[in-house]
Amino acid sequence: MLLIKDIPVLQAYLASRSNAGESIGFVPTMGALHEGHFSLVETALSANACTVCSIFVNPTQFNDPADFEKYPITLDTDIRGLERAGCSVLFLPTASSLYPVGTVGLETYDLGFLDTVFEGPNRPGHFQGVCQVMRRLLEAVEPQNLYMGQKDYQQCMVVSRLLEIMGSSVRLYTCPTLREADGLAMSSRNRRLSEAGREKANGIYQALSLIKNELKAGPVEPVLSRGRALLEEKGFQPEYLSLADASRLEPVNVWDGKQPLVALAAAFLEGVRLIDNMTMN
Ligand code: AMP
């Protein structure tokens with residue numbers, strides 16, 4: 001695996017691969033890699049001659065500075081894991097190469113309705129930061145194929161919108177969420193939980209599963225309240241637990257029994273903000 005920090009060096013190398021007719025697959029991450037990240041790398045490797053993984057903890061997408069400060073960094077282990085996985089290139093940009101004039105007063109993106117629900121209002125500025133970094137990473141890597149996780153359902157929709165705004169031909173693949181044996185969605189943030197917290201952390205998965213099992217046509221609030229109660233019993237402070245149209249993300253209050261839905265949750269446990277989602281059909 002090549003480890004490249006410099007954007008012109010990366011571009012020269014990737015141009016040589018593209019000119020040889022090879023396709024470039026890209027997996028952007030913030031590091032502290034787990035099996036979920038590696039599953040994206042494996043999917044990219046299976047379909048592209050050259051797979052680039054990036055690790056960059058993007059300051060502009062953290063609305064909470066303490067969350068940025070505490071974001072886990074495990075670079076040596078990440079490098080070994082990516083080597084083992086057979087990743088072609090690890091791109092490790094610096095903040096000053098991606099944001100040469102700093103991070104104040106950056107461009108904004110019209111995300112419309114998508115920025116007004118769920119993660120949007122709960123993490124002001126988060127999706128603008130995601131778009132700011134993704135545009136820069138995509139311009140540096142110029143992949144044909146992009147691999148992201150369904151774990152961040154709304155983020156995938158935001159990046160799809162960004163690709164549209166950019167007029168990009170990059171194909172976005174949304175890959176399934178990898179879970180621990182007890183259902184907890186793998187996440188870099190899970191390592192901030194205590195042992196006791198970790199044991200209760202699958203409450204989000206259980207709440208989403210309860211909704212999936214008990215959902216009936218008609219008003220959805222009763223099943224959502226049971227899901228919230230389960231989260232609270234497990235010691236979570238729920239931020240949202242809602243049902244939405246699976247392709248537009250508009251919240252759904254009354255289900256017709258047919259419309260494809262996704263249940264989305266964000267909740268704090270021991271001060272750690274965890275998110276997850278589950279499609280209902
Ligand atoms: P992050 O490092 O958290 O920014 O995540 C990088 C990419 O990995 C994003 O596209 C995430 O959606 C994806 N990802 C994170 N957790 C999982 C998971 N448990 N299963 C599959 N993909 C994941």
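Visitor: Why is L249 called buried?
Guide: This is a predicted model, and buried here means under 20% relative accessible area. L249 has 0% relative accessibility, so L249 counts as buried.

Visitor: Where does L249 lie?
Guide: L249 is in the loop between β8 (237-245) and β9 (254-255).

Visitor: What is the value of phi for L249?
Guide: Phi of L249 is near 70 degrees. That is a positive value, and the residue is not a glycine. Most residues other than glycine have a negative phi.

Visitor: Which way does phi of E270 go, positive or negative?
Guide: E270 has a positive phi of about 50 degrees, and E270 is not a glycine either. E270 sits in the loop between β10 (261-269) and β11.

Visitor: Why is the contact of R135 and E107 called a salt bridge?
Guide: The rule asks for a side-chain nitrogen of Lys or Arg within 4 Å of a carboxyl oxygen of Asp or Glu. R135 and E107 come to 3.4 Å, N to O, so by the rule they form a salt bridge.

Visitor: What does that pair tie together?
Guide: R135 belongs to helix α7 (residues 126-141). E107 belongs to the loop between α5 (95-98) and α6 (119-122). The pair therefore ties together parts that are 28 residues apart in sequence.

Visitor: How do you know whether R135 and E107 are buried or partly exposed?
Guide: R135 has a relative accessible area of 22%, so R135 is partly exposed. E107 has 24% and is also partly exposed.

Visitor: How do you know that E107 forms a salt bridge with R136?
Guide: The closest N and O atoms of E107 and R136 are 2.8 Å apart. The limit is 4 Å, so the pair qualifies. R136 is in helix α7 and E107 in the loop between α5 and α6, so this pair ties together parts that are 29 residues apart in sequence.

Visitor: Is R136 buried or exposed?
Guide: R136 has a relative accessible area of 14%, so R136 is buried.

Visitor: What makes E250 and R248 a salt bridge?
Guide: Their side chains meet at 3.3 Å, N to O. The cut-off is 4 Å, so the pair counts. E250, at 33% relative accessibility, is partly exposed. R248, at 45%, is partly exposed too.

Visitor: How many salt bridges does the rule give?
Guide: The count comes to 16 salt bridges.

Visitor: Which residues are linked in a network of salt bridges?
Guide: D67, R123, R189 and R192 are linked that way.

Visitor: Why is V220 called buried?
Guide: V220 has a relative accessible area of 2%, which is under 20%, so V220 is buried. V220 is found in the loop between β7 (218-219) and α11 (221-233).

Visitor: What is V220 in contact with, beyond its neighbours within four places in sequence?
Guide: V220 is in contact with L215, L243, V252, N253 and W255. V220 and V252 are 32 residues apart along the chain, and their C-alpha atoms are separated by 7.7 Å.

Visitor: Does I275 count as buried or exposed?
Guide: I275 has 19% relative accessibility, and the cut-off is under 20%, so I275 counts as buried. I275 is in strand β11 (residues 272-279).

Visitor: What does I275 touch, not counting residues up to four places away in sequence?
Guide: I275 touches E119, K151, D152, Y240, A265 and A266.

Visitor: What makes Q155 buried?
Guide: The relative accessible area of Q155 is 17%, under the 20% limit, so Q155 is buried. Q155 lies in helix α8 (residues 153-166). Leaving aside neighbours within four places in sequence, Q155 is in contact with F127, V130 and M148.

Visitor: How do you know whether the radius of gyration of the protein chain agrees with a compact globule?
Guide: With 281 residues, a compact globule would have a radius of gyration near 19 Å. The protein chain has 19 Å, so the value agrees.

Visitor: What share of the residues is buried?
Guide: Buried residues make up 53% of the 281 residues in the protein chain.

Visitor: How many helices and strands are there?
Guide: The protein chain has 11 helices and 11 strands.

Methods. Residues are numbered from 1 along each chain as its sequence is written. This is a predicted model: local features need pLDDT of at least 70, side-chain atom pairs count only at pLDDT 80 or more; totals for chains, interfaces and linings use all residues. Side-chain values use heavy atoms; hydrogens and water are left out. Helices (H or I, at least four residues) and strands (E, at least two) are DSSP runs, numbered from the N terminus. The radius of gyration is taken over C-alpha atoms; the globule rule is 2.2 Å times the number of residues to the power 0.38. Buried means under 20% relative accessible area, exposed over 50%, partly exposed in between (1.4 Å probe, protein chains only). Contact means heavy atoms within 4.5 Å.
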